[in-house]
Amino acid sequence: MPPKFDPSDPAIADLINSFQSIGLSSSKATDAARNSKNAAALKEIIAQTKLSERPLEEKQASLVVSFAPLSANLGPDERLYVVDAIADGRLKSMDQVTAAAKYLEKNPAPVNGEEFNAECGVGVNLTSEEVQSRVEAYLSERAYGGWAGLMSAIGGAKAQPEIRWAPPLEVKAAVERHFAERFGPKETAPKAKAKAEAKPTATAETTSAPPERTVFEEGFLGKLHKVGDNPQIHPHLREAHLATTKGRVYTRFPPEPNGFLHIGHSKAIFVDFGYAAHNNGFCYLRYDDTNPEAEEARYFESILETVRWLGYEPFRITYSSDYFQQLFDLAVELTRRDKAYVCHCTGEEIAAARGEGHGQPKACIHRNRPVEESLAEFQKMKEGKYRPGEAILRMKQDLEDGNPQMWDLVAYRVLDAAHHRTGKQWCIYPTYDFTHCLVDSFENITHSLCTTEFITARQSYEWLCDAVEVYKPRQSEFGRLSLQGTITSKRKILKLVRDKHVLDWDDPRLYTLIALRRRGVPPKAIINFVSTLGVSTSPSNIQTTRFEQTIRQYLENTVPRLLMVLKPLKVTLENVAEDYLHWITKPLHPKVPELGTSTIPFTRTLYIDADDFRLEDSKDYFRLAPGKTVGLFQGPHPITCVSHKTDESGAVVELVCRLEDGSNGPVPKPKAFIQWVAECPERGSPVVVDETRIFHPLFKSDNPAALDDWISDINPNSLEVVKGAMIEVGFYSLAKSALAAARQEAEKRTASAPKEVTSETAEGHPHDAPVATASQLVGNEVVRFQGLRVGYFALDKDAKLGCTSDADDKEPGKRDGDFVVLNRIVSLKEDQGKSA
């Protein structure tokens with residue numbers, strides 16, 4: 001097991017100092033030291049290339065950090081060549097560095113400079129017009145079925161040699177402009193829920209080549225049987241099924257209400273609801289509530305809320321308990337046909353008879369008891385004459401079969417627990433193996449879609465339907481989704497919660513869906529992530545970095561950008577009047593005008609990030625230092641540091657600067673721009689954040705679930721709380737408008753949801769069952785933004801903002817009792833931080 005990461009350990013502290021010497025900030029140097037293998041590679045590169053003697057800009061230093069794990073197969077000469085290329089500006093992006101490493105693996109020193117430059121895109125500087133032209137040329141030769149093909153088009157365009165080295169954001173913007181001209185504005189495109197993957201109508205654009213195929217039309221899902229093609233034991237069963245379904249697809253999402261859904265469930269939800277919607281069918285939300293000992297009302301509520309939050313509306317909400325009487329009747333019929341029997345063996349005896357998982361099973365001594373005897377015993381079970389463990393009903397299957405799922409599975413057991421819906425009406429409850437296939441049959445499910453751990457259960461699934469001669473759905477299995485470095489076991493998460501390693505089931509460091517929601521991850525980003533993975537029979541064990549990259553891609557052009565300083569340092573402009581106030585109107589996103597503008601004050605007193613100032617200047621450092629000039633991002637003029645003030649410990653607490661407005665001669669040209677916020681109390685500026693919560697991986701290893709002592713793998717530094725960060729005053733307007741828009745959309749969606757899902761008075765709807773409401777779709781997490789050059793953030797559920805409850809015509813701003821808590825959703829892509 002790897003040792004705990006402790007920045008105060010002398011060896012690690014030396015590493016961090018070494019990494020800072022090449023130009024990394026303290027936080028980035030600490031992050032680089034966390035992975036011992038990568039840190040060792042970086043340390044070796046620094047020594048081999050004497051990098052500490054020629055520190056880089058911070059972005060260049062970050063590229064060297066990213067290069068370290070790619071350099072394992074390179075010699076000292078090749079490593080030096082790449083570092084030199086980063087230092088002199090030839091390699092400017094991670095894509096170029098990756099290409100350089102691959103090239104030098106195959107072509108070691110001496111390096112052919114021209115060939116290297118061509119292979120790595122050195123000197124390629126495409127204008128926006130050139131990018132648009134090349135993207136248009138690529139896309140015009142291909143057919144797409146509307147906005148659903150956007151991600152595929154972007155990926156294809158980026159892969160083209162003539163476009164490869166263009167800025168990714170410009171490629172994305174160019175593709176979106178092409179799609180807007182070709183298919184109309186995105187907001188009027190069919191919604192992803194049911195129509196985004198709809199088969200395109202033949203048009204001038206789609207007749208020249210096959211239309212863009214979706215995940216529901218190819219691979220595993222594309223090969224699923226047509227409705228009615230699943231074989232039946234009797235023809236009339238198929239005929240009755242088709243008469244009921246009218247040839248339309250019916251699926252179901254059947255969670256057990258004994259815990260909160262996690263990231264793996266997002267794939268099942270996407271497959272079950274998405275496949276039905278794509279085929280103009282229906283998907284049930286069915287609670288598999290056959291174990292009253294483990295079920296809680298909060299799980300029922302959360303499951304419906306989470307399904308709806310991900311963008312899906314159930315066709316109908318049902319419960320396995322809706323069918324308890326039908327299930328009991330079929331259990332009696334199965335016994336009457338001598339295909340079930342009551343067994344009184346203990347759990348240990350049953351396990352021994354089954355060969356303890358090895359070898360051929362042995363028949364239970366009760367297996368061949370008379371049918372009438374088993375019927376009588378089963379009735380006694382129902383009447384409560386047996387305690388739990390004293391009697392069970394077992395299916396009489398095939399002990400000669402090699403599949404353990406055919407070794408007389410349990411159909412019913414006695415449980416001394418009241419059911420949340422049926423109360424004390426029943427003291428016997430059907431098992432999953434007995435319930436699942438029969439309820440699928442009752443609901444005329446056309447495609448019973450589940451994950452591959454149920455492959456062996458398919459045989460018993462089909463056996464039981466045929467044994468009682470009911471319609472037999474077809475079960476099809478796909479690979480489950482998991483993320484590396486996470487734990488999704490309900491038992492283990494419960495231990496984390498009980499032992500206070502995490503705050504609760506929705507702690508943003510977890511990968512339950514309620515935790516991801518609280519962290520601020522947009523639901524559409526999760527669906528985009530799942531859809532890009534495809535669906536096959538192979539499991540998807542994905543790195544969390546890939547998941548986070550999908551989140552960044554979604555947030556990049558969908559959320560506004562606000563000025564933010566994480567560690568404020570006061571700046572006083574000495575040549576500006578005390579009462580100076582200048583208002584600046586700036587776009588909330590430079591490339592998405594639809595997001596609007598923000599108006600912020602500029603005054604004599606500003607705050608910048610403490611990381612943007614150094615006492616000791618150097619020729620390759622471009623941010624603020626004594627006597628140095630920097631630009632203020634979206635500010636009116638640059639500033640020059642004149643002097644500074646320190647506290648008793650020697651720490652810098654205030655800078656005195658000069659505003660370079662031209663009144664003192666020519667304005668120096670800044671080499672870097674930094675973020676800032678202004679002090680203007682009467683206008684509520686800046687917004688002071690009570691807590692900014694930054695989340696790091698909860699576990700140190702990639703597979704904590706596989707460790708016996710998995711608790712010791714917990715990262716003690718997984719939560720970082722920063723107090724006193726500052727945001728521009730436009731935050732209040734953003735929060736108020738975001739929540740108002742979310743409420744409006746939620747009410748619209750809920751109004752159009754099926755009445756069986758939204759009405760507590762719908763026929764057959766139990767009084768305590770969850771229903772769809774608008775409030776399920778609205779939470780503080782809808783307030784999302786990018787803190788410029790800091791990260792992506794969302795408002796936490798603990799936060800309180802009084803202005804979000806004000807009347808529409810009341811000016812947003814600070815209110816008494818406000819408590820501002822932000823969660824970092826993800827960091828910025830490819831270290832898009834400030835240049836050093």
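User: Why is W710 called buried?

Analyst: This is a predicted model. W710 has a relative accessible area of 8%. Buried means under 20%, so W710 is buried.

User: What makes F699 count as buried?

Analyst: Its relative accessibility is 5%. The cut-off is under 20%, so F699 counts as buried.

User: Why is the pair of F699 and W710 called tilted?

Analyst: The ring centres are 6.4 Å apart, and a pair needs centres within 6.5 Å. The planes stand at 55 degrees. Stacked needs under 30 degrees and edge-to-face over 60, so this pair is tilted. F699 and W710 are eleven residues apart, in the loop between β24 and β25.

User: What makes the pair of Y250 and F315 edge-to-face?

Analyst: The planes are at 80 degrees, with the centres 6.0 Å apart.

User: Are Y250 and F315 buried or exposed?

Analyst: Y250 has a relative accessible area of 12%, and F315 has 18%. Buried means under 20%, so Y250 is buried and F315 is buried too.

User: Which ring has the charged end of K382 over it, 5.4 Å from its centre?

Analyst: The ring of W426. K382 also lies over the face of F328, at 5.4 Å from the ring centre. The distance cut-off is within 6 Å. Both F328 and W426 belong to a cluster linked by ring pairs.

How values were computed: Residues numbered from 1 in each chain as written. Predicted model: local features only at pLDDT ≥ 70, side-chain atom pairs only at ≥ 80, totals over all residues. Heavy atoms only, no water. Buried < 20%, exposed > 50% of the residue type's maximum accessible area, 1.4 Å probe, protein only. Helix = DSSP H or I, 4+ residues; strand = E, 2+ residues; numbered from the N terminus. Lys NZ or Arg CZ within 6 Å of the ring centre and 35° of its normal.
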